[in-house]
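Open the model in your viewer and keep the sequence panel beside it. This tour goes from stop to stop, with something to select at each.

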Amino acid sequence: MLTGAATVFTVATLQASLAHYRDALGFEITFQWGEPSFYACLCRDDVQLHLIAATATQQHPGHGSLCIFVLDVDAIHAELATSGANVIKPPQTYDYGMRDFDIDDPDGNRITFSTAAPPP
């Protein structure tokens, strides 16, 4: 039985990324690990996102992607568009039955916010 999952994004500068996710995307920092910190967890509602500093892994920053399902994609877009998030495109409804939009974090990791679209 699977009981959960967490996406891990590699970031260039952990503290700068934590500030971005907290201030622009509304996440809460729930833990940091290492001295100085090189790994952290952030949460918003039921979504967990982990960040690891590029200096602590062989992965390169900016190659991650994540889709977060939300109840009201237009409300989330309105919030993030005014809070400093790098919105790539506004919400659009697609033939595959979803309405979504994309943002990029400062390192280029892509997050898609999505909700089921009403039938045509």
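A residue is called buried at under 20% relative accessible area, exposed at over 50%, and partly exposed in between, using a 1.4 Å probe and protein chains only. The model is predicted, so local features need pLDDT of at least 70 and side-chain atom pairs count only at pLDDT 80 or more, while totals for chains, interfaces and linings use all residues. Residues are numbered from 1 along each chain as its sequence is written, and side-chain values use heavy atoms, with hydrogens and water left out. Helices (H or I, at least four residues) and strands (E, at least two) are DSSP runs, numbered from the N terminus.

**Stop 1**

β3 and β4 pair in the antiparallel sense over six bridges. Pick L42 to find one of them: its bridge partner in β4 is L49.

**Stop 1: helix α1**

Select residues 14–23 and colour L14, S17, L18, H20 and Y21, which are buried. Look down the axis. The buried residues of α1 fall within an arc of 160°, so they line one face of the helix. The arc is that of the directions from the helix axis to the C-beta atoms. An α-helix has 3.6 residues a turn, so residues three or four places apart point the same way.

At R22, show the side chain. R22 is partly exposed, at 40% relative accessibility. D23 forms a salt bridge with R22, the closest N and O atoms being 2.7 Å apart. The term means a side-chain nitrogen of Lys or Arg within 4 Å of a carboxyl oxygen of Asp or Glu.

**Stop 2: two loops**

Go to the loop between β2 and β3, where P36 sits. The peptide bond from E35 to P36 is cis, with omega near 0°. Move on to D45, in the loop between β3 and β4. D45 is not a glycine, yet has a positive phi of about 55°. D45 is also exposed, with a relative accessible area of 73%. Most residues other than glycine have a negative phi, and most peptide bonds are trans.

**Stop 3: helix α2**

Select residues 73–81. The buried residues of α2 are V73, I76, H77 and L80. They cover an arc of only 100° around the axis, which puts them on the same side of α2. At the N-terminal end, D72 caps α2, with a side-chain oxygen 3.2 Å from the backbone nitrogen of D74.

**Stop 4: strand β7**

Select residues 98–104. Six of the seven residues of β7 are buried, so the strand is largely enclosed by the rest of the structure. β6 and β7 run antiparallel, joined by five bridges. In their hairpin, G97 takes a positive phi near 90°. β7 and β8 also run antiparallel, joined by seven bridges. M98 stands opposite A116 in β8.

**Stop 5: charged pairs**

The whole structure holds six salt bridges. Show D74 and R99: they form one, with the closest N and O atoms 2.9 Å apart. The pair links α2 to β7, 25 residues apart. R99 is partly exposed, with a relative accessible area of 22%. K89 forms another with D100, at 3.4 Å between the closest N and O atoms. Are K89 and D100 buried or exposed? Both are buried. Finish at D102, D104 and R110, which are linked in a network of salt bridges.

Notes. Polar contact = N/O pair within 3.5 Å; in protein donor to acceptor, adjacent residues only side chain to side chain. Pairing = 2+ DSSP bridges.
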